[in-house]
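Please open the structure in your viewer and keep the selection panel at hand.

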Amino acid sequence: MSSSNQTMHCAKYAGQSRRFKTLLVATVLACGSHAAYAQQAQQAQTWPTAPIKMLIPFPPGGGTDILSRLVSNKLAETNKWTIVAENRPGAGGTIGIAEAAKATPNGYTMVMGQKDNMAVAPWLYKSLSYEPTKDLTPVAHVAYTPVVIVTSANSKFKTLADVVTAARAAPGTIPYGSPGNGTTIHLAGEALNNAAGIKLVHVPYKGSSAAMTDVMGGTLDLALSSVPSALSQIRSGKLRALAVTSAARSTSLPDVPTVAESGYKGFDVSTWYGVFMPAGAPKDVVVRLNKEVNRLLETPEMKKAIHAQGAEPQAMTPEKFSTLLQGDYRSMKDIVKQAGVTIE
């Protein structure tokens with residue numbers, strides 16, 4: 001064979017070899033993808049085959065703990081699963097969230113996240129070890145709790161409009177109390193300032209009770225509080241509820257208008273609670289767990305138990321819950337910046 005023919009023959013063989021290798025690689029990848037999908041589908045059908053861990057990023061006895069155990073206990077009871085609830089408190093709930101974000105995404109670790117540690121904390125803390133919109137997977141929205149704006153029963157403020165009128169006439173002279181700097185309740189007040197174009201002065205307290213005591217005593221004009229913390233004083237007539245900050249009225253306070261109804265369309269600042277898993281959790285497991293949580297939220301027993309905590313049950317798809325997280329994540333950045341609050 002001549003040198004030129006040998007060269008052509010080798011080139012032809014090399015081309016065939018490359019095409020074969022390409023086809024072989026494509027086949028392997030396709031088989032691998034199919035195998036991975038089949039494995040994931042099989043896992044969803046048999047899941048769970050081991051105990052599921054529910055991380056609770058706050059101490060025992062609080063609202064997040066009660067709601068987390070309510071959900072995990074009912075899931076376990078209904079489905080005959082083993083779910084182990086473990087408290088991981090600290091740093092405003094960010095320690096427990098960080099642990100969940102770092103867990104193996106195999107469908108056996110979940111965490112009860114909430115707006116404060118998922119959408120607010122990233123803008124408050126100078127450094128967090130997790131990025132909520134990237135390191136965690138929204139699984140199931142469970143409930144939300146509105147903030148209620150209260151004043152003394154003897155106050156000159158009868159409506160939210162009265163407060164806005166007075167604040168515009170004398171900017172920076174009307175104080176409002178909150179449970180502390182950087183809480184969703186504090187930031188609800190800042191959001192009201194932005195929406196109404198007013199300047200209420202924030203006074204941070206160590207908890208809602210102290211702020212409401214000063215309101216009832218007449219030394220503080222307004223307080224913002226969670227509904228459960230203020231409910232008994234409102235019902236006893238010691239406090240007057242002016243508005244709630246959620247998009248819809250509170251079931252516990254059906255006669256109290258929302259801020260949106262009071263003239264600020266689209267206003268919605270509330271604390272939500274929901275189940276998350278580490279990013280990369282099996283999609284079919286996420287879908288199944290979402291379905292089971294949503295089914296629970298439709299039962300009269302679960303609705304009653306959640307309402308007893310001053311919260312409102314609300315089911316969502318994982319996609320809608322993700323949209324909620326991302327929207328709040330963006331909007332809270334501006335509110336925190338406006339408030340000028342940071343936590344070391």
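Predicted model: local features only at pLDDT ≥ 70, side-chain atom pairs only at ≥ 80, totals over all residues.

Residues are numbered from 1 along each chain as its sequence is written, and side-chain values use heavy atoms, with hydrogens and water left out.

**The whole chain**

Begin with a cartoon view, where the secondary structure comes to twelve helices and ten strands; helices (H or I, at least four residues) and strands (E, at least two) are DSSP runs, numbered from the N terminus. Of the 344 residues, 47% count as buried, which is to say under 20% relative accessible area, with exposed meaning over 50% and partly exposed the range in between (1.4 Å probe, protein chains only). Among contacts (heavy atoms within 4.5 Å) with a separation of 6 or more, 77% are between residues 24 or more positions apart.

**The ring cluster**

Next select Trp47, Trp81 and Tyr108, which ring pairs link into a cluster. Rings of Phe, Tyr and Trp (its six-membered ring) pair if their centres lie within 6.5 Å, and planes under 30 degrees apart count as stacked, over 60 as edge-to-face and the rest as tilted. The structure holds six aromatic pairs; in one of them the rings of Trp47 and Trp81 have centres 5.0 Å apart and planes at 65°, so this pair is edge-to-face. Trp47 sits in the loop between α1 (3–46) and β1 (52–56), and Trp81, 34 residues apart from it, in the loop between α2 (63–79) and β2 (83–87). Both Trp47 and Trp81 are buried. Trp47 also pairs with Tyr108 in a tilted arrangement, 6.5 Å centre to centre with 55° between the planes. Tyr108 lies in the loop between α3 (94–102) and β3 (109–114), 61 residues apart from Trp47, and Tyr108 is buried as well.

Now select Phe58, Thr64, Gln114, Asp116 and Tyr273, which of the 34 lining residues are the closest to the centre of the largest pocket. On a 1 Å grid over the protein atoms alone, a pocket is an open set of points with protein on both sides within 12 Å along at least five of seven lines, and lining residues have an atom within 4 Å of a point. This pocket holds about 770 Å³ of space, a volume being the space filled by probe spheres set on the points, which are joined across faces, edges and corners.

Show side chains for Leu136, Ile149, Leu200, Leu222, Val259 and Phe276, which touch the most other members of the 49-residue largest nonpolar core. Such a core is a set of buried Ala, Val, Leu, Ile, Met, Phe, Trp, Tyr and Cys residues joined through side-chain atoms within 4.5 Å. Its largest share, six residues, comes from α7. Apart from this core lies another, of 31 residues, among them Ile83, Val142, Val286 and Leu289.

Leaving aside neighbours within four places in sequence, Asn193 is in contact with Ile198, Lys199 and Leu200.

Definitions and conventions: 1 Å grid on protein atoms, 1.4 Å probe; cavity = no way out; pocket = protein on both sides within 12 Å on 5 of 7 lines; lining within 4 Å.
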